[in-house]
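Colleague: Let's go through this one by question and answer. Keep it brisk, please.

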Amino acid sequence: MNSFPMRLIAAGAFVAMAAAATPAYAAAPAGDAVVNGSLDNGVKGWWASKNTPIKVTGGRLCAQVPAGGDNVRASMVGQSGIAVEAGKTYRLSFKASATRPVKIRSVVQDSGSKPAAIVDGYPEVGTGSRTYSYQNTAKTSDQEAHVLFQVGGADAPYTLCLDDILLID
């Protein structure tokens, strides 16, 4: 009796079981410069100001934004080490919602001593999740640029949640 077909069936069953036991993560689109923008790996790759605790809740990065601060830079969530190249057009897109309507700044900026915005937007974020998208052409190259959500200066505390954060050239 030839055992080859039985080995194929057994191997197929093993592959099917392994696939079922392995979590499915959505692959980042080609050219995406953001690490873990889907938040599948918790807050890995993301940082926040000391006054702005972050955690992943329901697959979204949620930040507890405090009241106060004199401007939007008083509280931030971001990712550093983003490579951008002069002459390329970049689109920053993300989903966002907040526990109350707020205006934030979403910016990709270079790492220079006087940071310049590469892509900049000021979305009015509401209580329902919505996709926002901004694009611009980089004027300089930088291997250490930042994707930032500047959320400070609020008159009352709120929670901001972000998901599907992409920076595509």
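Predicted model: local features only at pLDDT ≥ 70, side-chain atom pairs only at ≥ 80, totals over all residues.

Colleague: How many disulfides does the count come to?
Modeller: A disulfide is a covalent bond between the sulfur atoms of two cysteines. Here cysteine 62 and cysteine 161 form one, with their sulfur atoms 2.1 Å apart. The cut-off is 2.5 Å. The count comes to 1.

Colleague: Which strands hold cysteine 62 and cysteine 161?
Modeller: The link of these two cysteines is right-handed, with 110 degrees about the S-S bond. The pair joins distant parts of the chain, 99 residues apart. Cysteine 62 is in strand β3, and cysteine 161 is in strand β12.

Colleague: Is cysteine 161 buried or exposed?
Modeller: Buried means under 20% relative accessible area. Cysteine 161 has 7%, so the answer for cysteine 161 is buried.

Colleague: How many aromatic pairs does a search of the whole structure find?
Modeller: The rings of phenylalanine 94 and tyrosine 132 make a pair, with centres 5.6 Å apart. The rings of phenylalanine 94 and phenylalanine 149 make another, with centres 5.0 Å apart. The search of the whole structure finds 2.

Colleague: Why is the pair of phenylalanine 94 and tyrosine 132 classed as it is?
Modeller: Planes under 30 degrees apart count as stacked. The planes of phenylalanine 94 and tyrosine 132 are at 25 degrees, so the pair is stacked.

Colleague: What parts does that pair of phenylalanine 94 and tyrosine 132 tie together?
Modeller: Both residues are buried. The parts are 38 residues apart in sequence. Phenylalanine 94 lies in β5 and tyrosine 132 in β10, so the pair ties together strands β5 and β10.

Colleague: And what class is the pair of phenylalanine 94 and phenylalanine 149?
Modeller: Phenylalanine 94 is in β5 and phenylalanine 149 in β11, so this pair ties together parts 55 residues apart in sequence. Phenylalanine 149 is buried, at 0% relative accessible area. The planes are at 80 degrees, and over 60 the class is edge-to-face.

Colleague: Which residues form one aromatic cluster?
Modeller: Phenylalanine 94 takes part in the stacked pair. Phenylalanine 94 also takes part in the edge-to-face pair. The cluster is Phe94, Tyr132 and Phe149.

Colleague: Leaving aside neighbours within four places in sequence, which residues is alanine 67 in contact with?
Modeller: Alanine 67 sits in the loop between β3 and β4. At 40% relative accessibility, alanine 67 is partly exposed. Its C-alpha atom is separated by 4.8 Å from that of alanine 154, 87 residues apart along the chain. The contacts are Ala154, Asp155, Ala156 and Pro157.

Terms used
Residues numbered from 1 in each chain as written. Heavy atoms only, no water. Helix = DSSP H or I, 4+ residues; strand = E, 2+ residues; numbered from the N terminus. Buried < 20%, exposed > 50% of the residue type's maximum accessible area, 1.4 Å probe, protein only. Contact = heavy atoms within 4.5 Å. Phe/Tyr/Trp six-rings, centres within 6.5 Å; stacked < 30°, edge-to-face > 60°.
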